[in-house]
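Visitor: Hi! Could you walk me through this structure, a bit at a time?
Guide: Happy to; here it is.
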Amino acid sequence: MFHSKRIAAAVLPALALTTGAALAECPTSIADTTDSIYVTFNDFHVRYELLSDGTVMEEETNFDDGSGFRVNSLRGAYVLQSWSTQNGMIVPQTGEATTWAVGPVNLPVLSAGQSWSGSTVRLHDDGARAVETVTVATQAARQTMIGTCAFESWPMVVTTSPDDGTADYIDYLTYLPSLGIAIYHGGIQEGEPFTRDEPTSISTEPPLQGETGYLLDGAAPMPGNPTPAAPPGQPDPNK
């Protein structure tokens, strides 16, 4: 399924945050995605990076405990791999790899008002295997505000239908064609109530926390070390 492995943000009071948006202009192009874009929500932030192979690496980090996930997708929509993370490091035995029947090169380029379905096989690190039909549907273009930044956007719904007859899983996203990324608002099994996560800001700078303004997530390349890292410590103000 599309992003059903995402870890839900804890229901805790939001930390006092600044977003770095005042330090940088609104991202406007794919070039900004290459250098990393940060989208901040109340309880977590998501980093997007365009890789040299044309895929997008997306990493969510929760503010309260450093838990999160990482997703590698094609054109910001078609998931190829996903992992759970802790403090930016991959958690062992949490990976999933998705194979598309048509092959990556034949996945359609996204456009507004489009609907496309394809067959997938999803393999988990523990050996579990799922055969599914994934439908990607975009709506008509509209303008979206994220903080003070305006974008053309295409609302997107990704429906994952398991071949074993269990309930569909529905993911809700907003695709930003100028940046080549899809912002994830959450997902549910069909028939369940849905609470939508909305971003509060978008920037080329990582978010900052607290009065000292230390970085929650630096701009270094996303690590692949499968060993979870220790939680980062509060910086010493005397140094």
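Guide: One term before we start: buried means under 20% relative accessible area, exposed means over 50%, and partly exposed lies in between (1.4 Å probe, protein chains only). This is a predicted model, in which local features need pLDDT of at least 70 and side-chain atom pairs count only at pLDDT 80 or more, while totals for chains, interfaces and linings use all residues. Residues are numbered from 1 along each chain as its sequence is written, and side-chain values use heavy atoms, with hydrogens and water left out.

Visitor: Thanks! How many salt bridges does the structure hold?
Guide: There are five. A salt bridge here is a side-chain nitrogen of Lys or Arg within 4 Å of a carboxyl oxygen of Asp or Glu.

Visitor: Which residue does glutamate 49 meet in a salt bridge?
Guide: Its partner is arginine 47, with 3.5 Å from N to O.

Visitor: And why does glutamate 49 count as buried?
Guide: Because its relative accessibility is 16%. Arginine 47 counts as buried too, at 3% relative accessibility.

Visitor: OK, next one. What does arginine 122 pair with?
Guide: One partner is glutamate 96, at 2.9 Å from N to O. Arginine 122 sits in strand E9 (residues 115-124) and glutamate 96 in strand E8 (residues 96-100), so this pair ties together parts that are 26 residues apart in sequence. Strands (E, at least two residues) and helices (H or I, at least four) are DSSP runs, numbered from the N terminus.

Visitor: Are those two side chains' residues buried or exposed?
Guide: Arginine 122 and glutamate 96 are both buried.

Visitor: What about glutamate 132, which residue does that one meet?
Guide: Glutamate 132 meets arginine 122 in a salt bridge of 2.6 Å, N to O. Glutamate 132 belongs to strand E10 (residues 129-138) and arginine 122 to strand E9, so the pair links parts that are 10 residues apart in sequence. Through shared partners, salt bridges join Glu96, Arg122 and Glu132 into one network. Glutamate 132 is buried, as is arginine 122.

Visitor: Nice. Switching to the backbone: what is phi of serine 36?
Guide: It is near 95°, a positive value in a residue other than glycine. Serine 36 lies in the loop between helix H1 (30-35) and strand E2 (37-40), and counts as buried at 3% relative accessibility.

Visitor: And where is asparagine 87?
Guide: Asparagine 87 is in the loop between strand E6 (78-86) and strand E7 (89-90). Its phi is near 55°, again a positive value in a residue other than glycine.
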